[in-house]
Amino acid sequence: MDNPRALELLAESLSGGDEDTRLLAALSLGWKRDPAAVDSLIKSLEDESIAVRTLSAISLGWIRDPAAVDPLINGLQDEDDDMRIACAMALGWIKDPRAVDPLIKSLGDENNAICISSAMALGWIRDPRAVDPLINGLQDEDDDMRSACAMALGWIKDPKAVDPLIQGLTDESSPLCIAPISLAFINDTRAIEPMIELLGSSTCNDDMIAGALAFMGEPTLYPLIDVLSDIDENPEKRAAAASALGALGDIRAVDVLIQSLTDDESDIRASSAKALGDIRDNRSTDALISALDDEYWFVRSNAAIALGMIGSSKASDALIDHLMYDSDPFVRVSSAEALGRIGGPKAADALIQSLQDEESYYVKSKLSVALKNIVKNM
């Protein structure tokens, strides 16, 4: 590939070799990303082999030369489905506005995969002309198409899409899971309340919704604190709010998270412990040490991990105690990992002793890793 004659030789192979040779030549020219290869690849869009045409289109997308836009637009009319998909994707990578109207037209292709590829490509180009057609696509019968349109709208970041995406939050379909991410990209405060309302009550992963809220930053802080503080609120929603506060990483959430370590609901205690570890504020050390004695192993485990994230040597004795004597192997592992982060001779001695006494192979393997971390940092 570094040979000065490589481009010439590959171009010759693309026009005159057998099918396998032409395939490799098209792929190699795309890898080189040299605009001098564009003319040869454009000619190969007319190759008799569907595979060669498809790889040539993809390679043109990798090179991202505007000279390829019109030929790729023509390729959207190719009789082969894979070729039309490749052309749509390539046009999205090149990001030329000339492709917007043809890609909008391809949203109505008879092949659903081409519709999805065109929607994604329009998102990559980020042209406002695509907003209305993509909003219409949120009503498509196919889950994947609706999801692709939702994601594309997030990439374009047009405020016009906020209300339709909020409406999608209540739609029992795939966009329900994509809409929070897209709304986070647009970052319009109108979306905060309905996204918080979704916590703990959707078929989507609450961590994904929490991450989307955290991505929106400071405006979500006090609404999330209000949810976590409301003991009459749905416990699953409060636990998800704690996770979101951890992902947000604002120290102003520390007090309410410390208070939630004594909540009646174990999931809220566990989420609050993890969130305090994410924020890493020393003020939470004492409360997390107390949480090591929680009746539920996953609360103890999260508390140990959080103490390791904070890194205060004040927690070493309590962690050593749980490393040696806790009945749950996951808590022992979490305690070991925390001690590996905190370090010090006392932690090293405890890990060595535990390696001798521990019966679980899984726990022993984690003890060894933690001990190596301490030795490496001494």
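D47 and R22 join their side chains in a salt bridge, with N and O 2.9 Å apart. D47 sits in the loop between helix 3 and helix 4, while R22 belongs to helix 2 (residues 19-32), so this pair ties together parts 25 residues apart in sequence. Here, a salt bridge is a side-chain nitrogen of Lys or Arg within 4 Å of a carboxyl oxygen of Asp or Glu. Helices are DSSP runs (H or I, at least four residues), numbered from the N terminus.

A quick heads-up: this is a predicted model, where local features need pLDDT of at least 70, side-chain atom pairs count only at pLDDT 80 or more, and totals for chains, interfaces and linings use all residues. Residues are numbered from 1 along each chain as its sequence is written, and side-chain values use heavy atoms, leaving out hydrogens and water.

By the salt-bridge rule, the count comes to 25. Here are some of them:

| Pair | N to O distance |
|---|---|
| D47 and R22 | 2.9 Å |
| D78 and R53 | 3.2 Å |
| E218 and R252 | 3.1 Å |

Salt bridges also link D70, D96 and R98 in a network.

"Buried" means under 20% relative accessible area, "exposed" over 50%, and "partly exposed" in between (1.4 Å probe, protein chains only). D78 is buried too, at 14%, and R53 is buried at 8%. R252, at 38%, counts as partly exposed.

Now for E48: this residue is in the loop between helix 3 (38-44) and helix 4 (50-63), and is exposed at 73%.

Methods: Helices (H or I, at least four residues) and strands (E, at least two) are DSSP runs, numbered from the N terminus.
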